[in-house]
Structures are given as C-alpha cells and as structure tokens.
Amino acid sequence: MSVGSSAPSFGEAEAKSTGVQPTVEPLEPPHKRSSDSKKQSGDGKAENGSRDGTREKSLFEDPVEVDADLEAEDDPEIIEIPPEVRRVVSLHDDTSLPTLTFRYFLLAILFVIPGAFLSQINTFRTTYAPYSVFFVQIASNYVGLWLARVLPDRRIGIPFTKWSFNMNPGPWSVKEHVLVTVTAASGATGNLATTPIAVGELYFNERLHPAAAIFFMWSIDATGYAFAAIARQLLLYEPAYQWWQALCQTALFETQAKQNKNPSPAARKQFKVFWLVLLGITLWQFLPEFVFPFVSSLAFLCWVAPHNPVANFIGSGLGGMGLLNLSFDWANISNYNAGVPLFLSPWWSQVVLFASFVLSAWILLPAAKWGGLGGYSHCLMTNRACTVDGDVYPVSALVTSSNTFNETAYEEYGPMYLGVHNLWTIFFDYASYISAYSWIAFFGASNIRKAYRKFRARRSSPGRGINHQYTDRLNVLMRSYKEVPFWWYLALFSASFVSIITIVALDMIFIPWWTYFVALATGAVVVVPLGWLYAVSNFQLPIGTFNELLYGTMVQNLSHHRNPIGASVYGSIAGDAWYRAQYMLQDQKIGHYMHVPQRAIFFSQVFGITLGVPINYAAMRWVLNTKRDYLTGELEDPAHIWTGQSLAGYLTLGVQYVLIGPTKLFQQQQWKPIPYAFLFGAGAPALIYLLHRLFPRAKFNLWNTTIFCSGASIFYGNISTGYFSRFIGGFVVMYWAYRYRYQLWARYNFILAAAFDAGFNLNLLLIFLFFGSGKVVTMPHWWGNDAQSVEKCYALD
C-alpha cells in the first residue's frame with residue numbers, strides 16, 4: 001500500500017464521519033470507495049454526475065490493494081471493524097518487532113525537549129500553532145532509519161546490574177516509531193498548571209518553589225493519565241469508536257512503514273512536497289512574526305480610511321471586528337484555540353465555527369459598541385476587569401495580606417465590571433459545557449448504554465483480558481500482549497495524589513484540602529461523556545470556566561483561602577484530568593491500531609510527561625523573565641502576540657468567583673442574563689434533535705451546538721484576524737479539493753497539515769534562538785512594522 005492508497009481511504013471516512021455521531025446520517029462521499037470499484041461499471045462516473053467517465057478516469061488513480069481486500073468480507077473478525085478502519089489499519093502483526101530500544105530513548109529525548117519548550121511558550125501567546133505531532137511522526141522516521149544505518153551493532157551492559165541493551169537491534173521498527181511519537185505527544189505539550197503559577201507570580205508576587213512547581217505540574221498530568229483507566233474500559237477496545245485523530249496518525253504510520261520497505265515514486269514526491277512546504281513556511285513566518293508584521297493582519301478598511309475610528313474598528317483584526325480582514329500568518333489562520341483544525345476537520349464543522357465567529361465579531365460586537373447592547377459601553381475589547389468609568393480595576397487590591405477579601409477596597413473602587421464582549425464569551429462558555437451533555441443525551445446515549453452493558457458483561461468473566469471480550473481482528477491480535485494491570489494506574493494516581501496533597505497541606509497553592517477531592521471527583525465524572533464526544537467527533541471541549549465557578553461557589557462563605565489564584569489551581573486539576581485522559585486514550589488507540597504492546601505504550605506516555613514537565617517549567621521561567629511587562633499590561637506588544645489576555649482572563653475569573661463570589665456576582669445587573677446560558681445549552685440540542693427528526697434530509701444534525709457555543713466563547717478583543725482566511729482556506733481544502741480533487745487531497749492533505757504546523761514551530765524556535773535566547777533583539781520600526789499600528793489603523797481606540 002503506497003501513501004496515496006492509505007491516506008485517501010482514511011480521508012474519505014474522516015470527511016464523511018468526523019464529528020457525526022453514530023446515530024447521525026454521514027456526509028455523502030465524493031466518489032465510491034476503492035474497495036467498491038470492482039463492482040462499478042467501466043465508466044467510473046462520479047456520484048454527482050457532473051463529469052464524464054474519461055475525466056473521472058484521469059482524475060482518480062486505480063485502487064490499491066490493502067489488507068481488507070485480502071480478507072473475506074463476511075469473516076466475523078473483519079465485519080465488526082468499521083470500513084474506514086479496515087481501509088487504513090493492518091490486520092496482521094509481527095510480535096518480534098523491537099519496541100523500547102536505545103534508539104527509542106534517544107529519539108524521545110531529541111523530540112520531547114524542544115517540543116515541550118515551544119508548546120509551553122505557545123500557551124502564553126495570543127495565537128499559536130502547536131508543536132506538530134505530524135512533524136515528530138515524519139521526522140522521527142527519517143532519523144530512526146538513519147540511526148539504524150549508522151549505530152554499531154554492539155551490546156552495552158548497564159553498570160551494577162545484569163541488564164544490557166543492543167545499540168542497534170536491527171532494522172528500524174514501526175513500533176519504535178509509534179512509541180517515539182506517543183512519547184512526544186505526551187511530553188512535548190504545554191501544561192495547564194503553569195497558569196496559576198504564572199498568575200501568582202505576575203500579579204501577586206507569589207513565586208512557587210521550583211521543586212513544588214515541577215511536582216505539581218507532573219502530578220496534574222499523572223492524575224489525568226490515571227483517570228484514563230476509567231474510560232478505556234468503555235471507549236478504547238470497542239471497534240465502533242474510531243478516534244479520528246488516532247486513525248489519521250495510523251494512516252501515516254502505515255504508509256511510512258510500507259514506504260520504508262518498498263519506497264515508490266509517489267511516496268518520494270510526497271515527502272519532497274513535505275520538506276519544501278516546511279522550508280517555505282519556516283522562511284515565510286519570519287515576515288509576520290518578526291520582520292513584516294503588516295502581513296499578519298491586512299485591514300483593507302483601514303487602508304481606505306486610516307484615521308476614521310468607525311472604519312478602523314470594523315476592519316481591524318487586532319482590536320476590532322476584523323470584517324473582511326485577511327491574514328497571512330499561519331499562527332492566526334490555524335489558531336488551535338478554536339478547536340477545529342483547518343486540514344483535519346470536515347467542512348461542515350468549519351462552517352459552524354465560522355458562523356459562531358460571524359455572530360460574535362460581526363454582529364454582537366457592533367451591536368455592543370454602537371447599539372447599546374449590554375448597557376455598559378466601556379472595556380468592550382478587553383477581558384480585564386474594569387471600574388464603572390472604564391478604568392482598569394485594581395484586582396490585586398481586593399486581596400489582603402492574609403489572602404482574604406478586602407471589603408474596604410471593594411467599597412472604595414465599587415463593583416467590578418466586565419466588557420459586554422467578555423460577558424457573552426462567559427455565557428457561551430457555560431452553554432457549551434451543558435450543551436455537550438445535552439447533545440450526548442440526544443445523539444449518543446444509546447451508544448454509551450451499549451458500551452456500559454458490554455463492560456458489565458466483561459465483569460462476569462474474571463481472569464481474562466479485555467481483548468478476550470471482543471472478537472474483531474484487532475482485539476484478537478492484541479491478545480498476544482500482556483494487558484496493563486490496573487494497579488499500574490493506581491500507583492500512578494497514588495504518586496500524584498501524595499504530591500498534590502502534600503503541597504496543599506503546606507498551603508502552597510491556595511486551595512482548601514477538601515476542594516482537591518471535589519476536583520478529582522468532577523474530573524472523573526466528565527472523562528467518559530467527553531471522551532465519547534471526542535472519540536466520535538474529534539472535537540475537544542474546553543471546560544475551564546465552569547470549574548472556576550464551582551470552586552467559587554464552594555469557598556465564597558469561607559473566611560480563608562480566598563486568593564483568586566485558587567480558582568485556576570482548582571481548574572487546572574479538574575480540567576487537566578480530562579485533557580490528559582483524552583491524550584492517553586487517543587495514543588493508546590494508536591497503539592491498538594498499530595499492534596504495539598499495551599505496557600510499552602503506558603511506559604512511553606509516563607516517560608513523556610516525566611521528561612517534558614521540567615522543560616515546561618524552564619520555558620515558563622523564560623517567558624516570565626523576558627515578557628513580564630507585556631503580560632502584565634505595563635507595555636503593549638505592537639503585534640498583539642504577548643498580550644497576556646489568557647492570564648488576565650484567569651485573574652479576572654478568580655477575582656469574580658473567589659473574592660466577590662457567585663452569589664454577589666449574579667446579583668449585579670450585567671450578570672443577570674448569564675444563568676440563562678445553562679438553559680440555552682440544554683435546550684439548543686433538543687431543538688436541533690427535534691428538527692433533525694422532523695427533517696432528516698436537511699442535516700440539522702450537523703449544526704453541532706457544542707462547537708457553535710465553544711466558538712462563540714472565544715474572546716476576539718485582541719485577535720479577530722485569521723478567521724476569514726481560515727474559512728477561505730477550509731473551503732478550498734475541505735470542500736473544493738475534497739469533492740473535486742479527491743485523490744490529490746487524500747495524498748497531500750495530511751502531509752501539508754504536518755508541514756505547515758512544523759514549519760511554524762521551527763520558525764518560532766529559530767526566532768527564539770536568534771533574537772531571544774541571549775540578548776533580546778527587536779526588529780527596527782519601518783513601514784511594514786509600524787510602531788503605532790502594524791495594520792495602519794491609526795484611529796483605533
């Protein structure tokens with residue numbers, strides 16, 4: 001199977017099914033599957049009937065045989081596997097392939113260290129593109145092949161032990177390749193625990209001891225990984241749950257493995273394209289990121305009327321509505337804060353996301369600025385707390401030296417106000433959280449019940465691995481390996497529990513000890529339903545502010561532990577439990593698809609976070625030491641990259657929910673509509689479900705309210721550029737190319753996704769090394785790097 005044969009088969013399934021629950025009618029494919037081609041007539045006409053047979057034959061390649069073609073379709077072991085999985089995953093295994101080798105450890109360290117550093121830096125930026133797992137997957141394969149050629153075949157003994165290892169145990173193994181990528185996916189990421197640590201240091205001069213900070217960061221990750229033991233019983237082994245991101249990576253693993261054995265001209269061309277695009281993006285990003293920020297936000301209305309306040313607000317993408325604003329900065333276009341990747345998300349989900357942007361930025365923003373929406377005209381484009389007159393609220397003054405609420409200061413400065421834009425982001429954030437549960441209740445409850453019944457049935461057969469409870473080929477193959485015992489997860493949880501409870505007992509992180517247990521409970525509760533949502537839709541729901549609200553409700557009547565940092569501490573524990581559980585489950589599904597021993601996958605994940613967390617801490621220290629004035633708002637970053645809007649948002653949430661308290665907060669006039677968000681979140685999926693049942697052909701089911709509300713909850717006050725460019729790019733890639741140039745799309749889509757993200761991250765690393773690692777070097781101001789406004793919006797207030 002060549003690259004061109006594996007990716008297309010998956011690409012078709014992904015575009016058809018990603019984001020659509022099993023009860024939902026899938027999107028129509030652009031053409032019939034290659035496995036069905038034997039049944040087609042010779043003309044091969046496309047389903048839309050818009051092209052003749054000759055053009056169809058020239059456009060699409062001949063089908064390539066895959067494992068599924070060699071099996072009987074009515075084989076009980078095969079028929080249970082979804083067709084889109086059969087077209088990608090190998091149905092055979094070689095149990096002799098090496099796994100945890102010297103090459104694995106060397107490459108894991110090589111890719112985790114820079115990835116952890118870059119990913120942590122990204123968490124402080126207004127926009128970012130992640131350290132691409134596709135880059136690790138592609139680059140590590142090349143380096144692994146090179147190591148297999150140059151390393152000596154020599155056995156090395158480990159001093160003072162009977163153990164030894166071979167530096168080069170043979171040809172580069174696809175299982176080593178998977179483990180390196182899984183380790184990078186675990187360790188080369190940002191860490192949510194840095195948020196309360198950074199907020200405490202920036203705004204309250206509370207610097208957590210480095211050892212305590214690192215243990216706290218590691219323990220939060222480990223807690224989430226331990227929680228994966230809850231959901232994996234229901235979601236991991238069931239073949240009906242494809243886990244689309246995992247399947248996407250599996251498609252690339254499978255094609256790379258076959259290319260390593262027998263490279264084809266098409267494969268060489270693909271990777272030539274990858275490296276050329278990566279180089280191009282790396283060089284291009286020096287322009288918007290450093291030399292020529294003008295291209296990061298092309299505000300055409302500002303060019304026409306640079307000194308007109310109305311035109312500036314409407315056209316600016318750096319503090320305005322961003323109407324018809326274009327961006328050529330991949331950080332703004334990709335912007336993974338939105339949760340719907342351009343290259344990996346189906347067109348319908350990108351339409352839903354753009355619709356939420358239009359509502360928020362192009363309808364509600366002008367209604368609030370000129371139409372009186374919300375009744376508070378100040379601070380529209382900031383998420384910092386303000387006074388009644390629009391001045392920045394001195395939130396740190398509300399905390400006494402003993403970390404209690406300063407009533408005197410509150411009476412002096414008056415009630416805390418939020419800009420109307422910030423308020424509706426909170427509204428939609430609450431709505432998205434409730435909508436996720438409501439959507440599952442209407443569209444996925446039956447699937448959860450079926451999985452739970454299977455889990456109960458497995459309990460009646462003790463002493464046998466989970467794989468023995470399923471009869472599909474993938475589970476049968478995995479019976480060759482020992483399952484991860486439950487006590488491994490328990491030991492991981494115990495280590496994290498002891499670390500965090502010790503830090504809490506020493507009163508180093510500002511939360512009462514008993515709230516830690518509530519955080520664990522709330523994190524455990526959401527793992528299964530939100531894990532199911534991600535498994536079937538590839539959409540990860542942010543659930544941060546609801547945790548802060550819950551924490552504020554618990555502590556509002558206490559006379560102690562009223563430091564606003566406590567809210568983000570609680571949110572990082574409860575929220576990261578879900579995020580890390582999702583990462584672990586997704587990577588374990590990759591191991592399941594690639595037939596990698598379960599225990600090796602578990603070790604690689606724990607090794608990843610253990611290696612990555614200290615690097616996360618070092619990256620955070622660099623940002624706080626070099627960008628402090630930008631993050632606190634004392635200086636303004638002309639490019640609006642180091643705005644500190646995320647940290648400022650967490651500070652504001654902490655002050656609102658912890659110091660003022662939910663009861664007093666919701667009594668304020670501007671907060672009275674917010675509780676209706678819970679009603680909206682619960683009712684919107686019900687309405688969509690009713691419309692879908694009444695008009696099933698209208699595909700109302702694709703208007704996922706959770707994605708819509710999550711998109712509307714994004715704060716666009718600093719950055720509203722990139723979304724229009726993203727919509728245009730999504731139309732070209734996921735609609736036009738998918739429907740009318742499918743083979744081209746399937747061959748290059750994932751390659752381009754990897755190249756774009758990898759090029760951006762390589763550029764970010766080079767900028768850090770060249771201009772920020774030692775003496776900070778700034779770009780001189782010129783026409784393309786205007787000191788007053790890089791967009792030429794000179795009248796923007």
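Reader: Is R125 buried or exposed?
Author: Buried means under 20% relative accessible area, exposed means over 50%, and partly exposed is in between (1.4 Å probe, protein chains only). R125 comes out at 7% relative accessibility, so it counts as buried.

Reader: And what kind of model am I looking at?
Author: Residues are numbered from 1 along each chain as its sequence is written, and side-chain values use heavy atoms, leaving out hydrogens and water. Local features need pLDDT of at least 70, side-chain atom pairs count only at pLDDT 80 or more, and totals for chains, interfaces and linings use all residues, since this is a model that is predicted.

Reader: How many salt bridges turn up in the whole structure?
Author: A salt bridge is a side-chain nitrogen of Lys or Arg within 4 Å of a carboxyl oxygen of Asp or Glu. Search the whole structure for them and the count is 10.

Reader: How far apart in sequence are the parts that E289 and R125 tie together?
Author: The side chains of E289 and R125 meet in a salt bridge, with 3.2 Å from N to O. E289 sits in helix α12 (residues 286-291) and R125 in the loop between α5 (102-122) and α6 (133-150), so the parts they tie together are separated in sequence by 164 residues. Helices here are DSSP runs (H or I, at least four residues), as are strands (E, at least two), numbered from the N terminus. E289 is buried too, at 12% relative accessibility, and the answer to your question is 164 residues.

Reader: Which helix holds both R580 and D576?
Author: These two form a salt bridge, their closest N and O atoms being 4.0 Å apart, and both are buried. They are four residues apart, about one turn of the helix, and that helix is α24.

Reader: Which residues are closest to the centre of the largest pocket?
Author: On a 1 Å grid over the protein atoms alone, a pocket is an open set of points with protein on both sides within 12 Å along at least five of seven lines, while a cavity is a set where a 1.4 Å probe fits but cannot get out; lining residues have an atom within 4 Å of a point. Points are joined across faces, edges and corners, and a volume is the space filled by probe spheres set on them. The largest pocket has about 1300 Å³ of space. It is lined by 49 residues, and the closest to its centre are M381, T382, R384, E636 and N718.

Reader: Which helix gives the most to the lining of that largest pocket?
Author: By class, the lining has 26 nonpolar, 17 polar and six charged residues; here Ala, Val, Leu, Ile, Met, Phe, Trp, Tyr, Cys and Pro count as nonpolar, Asp, Glu, Lys and Arg as charged, and the others, Gly among them, as polar. Helices α16 (347-370), α26 (628-632) and α27 (645-660) each supply at least two residues. The one that gives the most, with four residues, is α27.

Reader: What is the volume of the second largest cavity?
Author: The structure holds eight cavities of 30 Å³ or more. By class, the lining divides into six nonpolar, four polar and one charged. The volume of this cavity is about 80 Å³.

Reader: Where is C379, and what is its phi?
Author: C379 lies in the loop between α16 and α17 (407-413). It is buried, at 13% relative accessibility. Its phi is positive although C379 is not a glycine, and the value is near 55°.

Reader: Is D507 buried, partly exposed or exposed?
Author: D507 is found in the loop between α21 (486-505) and α22 (513-537). This non-glycine residue has a positive phi of about 55°. With a relative accessible area of 46%, D507 is partly exposed.
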